[in-house]
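Dear colleague,

I am handing over the model that we spoke about, and I would be grateful if you could look through it alongside the notes below.

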Protein chains: 2
Amino acid sequence: MKNIQVEIDHAVYFAGEDKYNALQQEAVGAIEKLENGTGAGADFLGWVNLPKDITEAQLADIEATAKGLREACDYVVCVGIGGSYLGAKAVIEALQDQFAAYKKIKPEETHVLFAGQNIGEDYLAELQKLLEGKKFGIIVISKSGTTTEPAIAFRLLRDQLEKQVGKEEAKKLIVAITDAQKGALRTMADSEGWKTYVIPDNVGGRFSVLTPVGLLPIAVAGFNVRELVAGAREMMEATRHPGPDNVAETYACVRNALYQAGKKTEILANFNPKLHYLGEWWKQLYGESEGKEGKGIFPAAVDLTTDLHSMGQYIQEGERTIFETVLSVERPFDALRIPQEQQDLDGLNYIAGKRIDEVNKMAEAGTRLAHEDGGVPVVRINVPTLDENTLGALIYFFEKACGISGYLLGVNPFDQPGVEAYKKNMFALLGKPGYEAAGEELKKRL
Amino acid sequence: MKNIQVEIDHAVYFAGEDKYNALQQEAVGAIEKLENGTGAGADFLGWVNLPKDITEAQLADIEATAKGLREACDYVVCVGIGGSYLGAKAVIEALQDQFAAYKKIKPEETHVLFAGQNIGEDYLAELQKLLEGKKFGIIVISKSGTTTEPAIAFRLLRDQLEKQVGKEEAKKLIVAITDAQKGALRTMADSEGWKTYVIPDNVGGRFSVLTPVGLLPIAVAGFNVRELVAGAREMMEATRHPGPDNVAETYACVRNALYQAGKKTEILANFNPKLHYLGEWWKQLYGESEGKEGKGIFPAAVDLTTDLHSMGQYIQEGERTIFETVLSVERPFDALRIPQEQQDLDGLNYIAGKRIDEVNKMAEAGTRLAHEDGGVPVVRINVPTLDENTLGALIYFFEKACGISGYLLGVNPFDQPGVEAYKKNMFALLGKPGYEAAGEELKKRL
């Protein structure tokens with residue numbers, strides 16, 4: 001794959017070539033399971049062919065809806081949690097101006113906000129104050145429509161919208177992304193006549209960014225979803241077959257080799273603050289896919305060089321059970337050079353005239369060598385730039401590698417049985433009908 | 001301490017009471033070292049008495065400077081990295097409206113922005129575009145004035161400011177927080193006549209939030225630094241002596257007991273998104289203080305319930321080497337209830353009329369029980385509300401506990417020798433005078 005390179009030499013050396021080679025052998029079967037649907041969790045493999053299954057008509061429809069929302073709204077609030085939140089957030093943050101919130105937007109531009117990803121009373125109150133008297137719309141994303149966090153936020157925001165513009169007008173400003181046929185949100189949407197999109201049955205939340213779940217918010221934010229899908233499609237083709245050129249296989253094998261060598265924590269390190277939420281998305285993807293049955297690499301993320309001044313000390317000299325995966329972006333968009341100064345009190349004139357990014361790249365290289373010297377193996381993922389095409393490729397790359405990696409680890413990478421535990425307790429403690437007995441038991445323990 | 005409670009019952013049970021009791025014995029000596037300056041790193045204990053060493057005149061001076069900047073500027077950019085960034089950021093985010101960036105500010109209000117905490121070419125270019133033609137000021141924070149990240153940002157922003165308002169006017173809009181006597185920034189500030197504040201020699205970066213490093217930006221953002229200091233002072237008095245009522249000792253002992261029991265990763269979990277950056281600040285405080293000599297708890301942080309839908313699966317069922325410290329805020333500021341709906345399609349009517357935060361609290365309790373059932377010991381830190389006083393107490397609590405904890409672990413909690421490694425390599429790769437030979441060696445390895 002020309003777009004994305006994975007450099008693993010030092011990490012393989014560290015983990016042991018024998019381990020890596022054995023995993024490469026196993027990867028043949030893992031990839032086969034993904035392509036043929038013969039492994040655990042095969043009901044949730046819809047994401048594998050998603051980039052080519054999306055039709056021209058579907059993309060055009062998403063674009064038209066996005067255009068309508070952009071024309072009608074200054075703010076569009078996406079209501080969702082987990083996979084119904086992180087993918088869109090990650091792509092939008094990677095593409096947009098980091099100070100967009102402070103900048104005046106032009107007509108037909110729209111700020112995309114998020115809600116329903118927490119149960120913050122102040123968060124929701126402050127959001128509602130912002131939206132008072134403003135032109136806003138809602139994209140509500142939930143397979144069932146009953147997940148507590150988004151359901152609460154949606155009740156409040158829908159109420160507010162209907163009060164501000166009237167029930168009829170509000171109908172045009174709400175879009176629901178939900179199950180094709182069943183569930184509370186589907187029923188509501190059909191009876192109210194909201195525009196809807198379908199979350200495919202065979203695509204789990206954390207793999208859903210290339211469905212309308214991610215594509216609609218990304219389009220509303222003004223980005224090119226066709227290019228995103230095109231990038232993903234290229235990566236899909238490039239990672240279909242096993243072999244040393246399959247970058248997803250490479251990444252999956254090297255991280256499992258390191259895990260077997262005792263490296264239990266993986267730190268995804270970016271050198272570009274726009275990638276912060278891609279790290280959060282990646283944490284869900286890998287943590288939820290692999291963290292089960294008492295095993296799995298613990299996923300952590302840092303923004304560098306920022307966090308070299310916080311987590312840097314630990315990475316350099318703490319417990320030697322970590323490895324690092326560096327996400328490196330070759331080219332920034334802007335061109336900014338370090339000014340020369342007559343007096344060189346801060347001692348920076350030796351780099352005056354250089355692009356800021358040249359310094360960043362030397363920080364990256366210097367960090368890699370320092371961490372390797374400190375006993376932290378470093379994997380490097382190199383992408384040319386942060387545009388829609390590259391991000392689409394990167395997303396699919398991580399998804400595919402995650403499927404392979406989960407099979408190499410010997411788990412079902414497509415379930416998340418542990419996520420229910422807190423919900424059941426919460427329902428019981430809140431006295432939800434059907435949970436009364438459990439509630440009594442839990443209250444005794446508190 | 002009435003303000004902050006630490007609940008450890010389950011965690012002590014998990015780690016073993018013997019371990020905890022033994023650590024409590026050791027804590028007597030650790031606290032003595034901190035109070036009497038008889039331990040490792042004693043040159044950096046200025047933070048211990050900081051809350052009572054700050055004078056009325058110093059606070060008044062900070063407030064006056066902040067008022068001047070607020071009147072003159074729509075934006076004040078704080079230029080700093082690590083401890084010269086995270087403390088102020090954490091306090092401001094904990095106190096301010098989460099949608100402040102989108103809201104119009106009144107005259108004499110000011111948005112506080114941050115720069116110099118990364119080497120992002122796009123970040124700086126986008127910031128400079130935002131500031132074009134705007135009324136802005138700069139607080140530059142650096143002991144030496146030569147740290148690469150802030151030095152680059154300061155060159156660019158100072159240039160821009162001088163071009164926009166002229167060299168003379170710019171002098172009134174720049175404040176330097178730096179060494180009392182030496183270093184590049186001190187020299188610059190004195191020769192240019194900028195207002196300055198001193199970073200005390202005996203306070204390390206990660207312990208500096210209660211010096212002007214944190215106080216000035218926090219005051220510029222419009223918050224009450226007297227209350228912040230008052231809260232810290234109360235906590236200082238409450239944690240001076242060893243004993244079961246010393247909450248800092250309690251937290252330090254329980255986390256070391258868990259570490260000894262094989263819990264190598266601590267996840268600080270908030271249930272209030274405003275605390276996200278407090279988690280980042282905490283990661284620096286503990287990671288940099290303890291991550292050395294091949295040991296130390298790996299610090300991670302999550303925002304809940306948000307991340308129950310990303311990291312939740314791993315916490316519930318992944319490798320059993322983690323424990324969780326929950327930061328719980330008793331009372332939100334706003335009062336928002338879940339509306340009743342005629343049709344109860346989303347099934348929320350069983351909690352209609354409840355405050356959002358009641359649901360959040362049940363989510364918290366349910367999560368705690370679920371995680372404990374999953375083999376994750378949970379420590380709970382309870383604070384009454386998120387105001388300046390409480391935050392001051394919380395900050396001092398974490399600092400004091402960190403000092404005790406580092407001594408219990410047997411390291412010098414006040415140095416950070418590993419942070420230099422990447423810098424040296426970066427200088428060498430950039431060809432900084434004096435590093436030429438090292439540069440040749442490193443280039444061969446790349």
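This is a predicted model: local features need pLDDT of at least 70, side-chain atom pairs count only at pLDDT 80 or more; totals for chains, interfaces and linings use all residues.

Residues are numbered from 1 along each chain as its sequence is written, chains are lettered from A and ligands numbered from 1 in the order in which they are written, and side-chain values use heavy atoms, with hydrogens and water left out.

Chain A as a whole

Chain A contains 18 helices and 10 strands, where helices (H or I, at least four residues) and strands (E, at least two) are DSSP runs numbered from the N terminus. Its radius of gyration is 23 Å, close to the 22 Å that the globule rule gives for 446 residues, so chain A is as compact as a globular protein of that length; the radius is taken over C-alpha atoms, and the rule is 2.2 Å times the number of residues to the power 0.38. The C-alpha trace of chain A spans about 60 × 60 × 50 Å along its principal axes.

Of the 446 residues of chain A, 65% count as buried, a term that means under 20% relative accessible area, with exposed meaning over 50% and partly exposed in between (1.4 Å probe, protein chains only). The accessible surface of chain A comes to about 15000 Å², and 48% of that area belongs to carbon and sulfur atoms; such areas come from the Shrake-Rupley method with a 1.4 Å probe, and for residues only the protein chains shown count as cover. If we take the contacts in chain A between residues at least 6 apart in sequence, 78% of them join residues at least 24 apart, contact meaning heavy atoms within 4.5 Å.

The core

In soluble globular proteins, nonpolar side chains tend to be buried together. Here the largest nonpolar core has 311 residues, and those with the most contacts inside it are A:Tyr251, A:Phe398, B:Tyr251 and B:Phe398; a core of this kind is a set of buried Ala, Val, Leu, Ile, Met, Phe, Trp, Tyr and Cys residues joined through side-chain atoms within 4.5 Å. Leaving aside residues up to four places away in sequence, B:Tyr251 touches a set of residues including B:Val6, B:Trp282, B:Tyr286, B:Ile381 and B:Phe398.

A:Ala27 is found in helix 2 (residues 17-36) of chain A and is buried, with a relative accessible area of 0%. Although 222 residues separate A:Ala27 from A:Glu249 in sequence, their C-alpha atoms are 6.7 Å apart in space, and A:Glu249 is among the residues that A:Ala27 touches, together with A:Cys253, A:Ile404 and A:Leu408. In chain B, helix 2 (residues 17-36) holds B:Gln24, whose contacts, not counting residues up to four places away in sequence, are B:Pro244, B:Glu249 and B:Cys253.

In helix 13 (residues 276-290) of chain A lies A:Tyr277, which counts as partly exposed at 21% relative accessibility. Beyond four places in sequence, A:Tyr277 touches A:Tyr85, A:Leu86, A:Lys89, A:Ala90 and A:Glu93. B:Trp281 is placed in helix 13 of chain B and counts as buried at 2% relative accessibility, and its contacts beyond four places in sequence include B:Leu86, B:Arg206, B:Ile395 and B:Phe398.

Backbone points to check

Most residues other than glycine have a negative phi, and most peptide bonds are trans. Where does the backbone of chain A have a cis peptide bond? One joins A:Leu304 and A:Thr305, with omega about 5°, and A:Thr305 sits in the loop between strand 8 (298-303) and helix 14 (312-317) of chain A. In chain B, a cis peptide bond joins B:Leu304 and B:Thr305, again with omega about 5°.

A:Glu108 has a positive phi, near 65°; this residue lies in the loop between helix 5 (86-95) and strand 3 (111-115) of chain A and is partly exposed, with a relative accessible area of 48%. B:Glu293 is not a glycine either, yet its phi is positive at about 55°, and B:Glu293 is exposed, with a relative accessible area of 56%.

With best wishes
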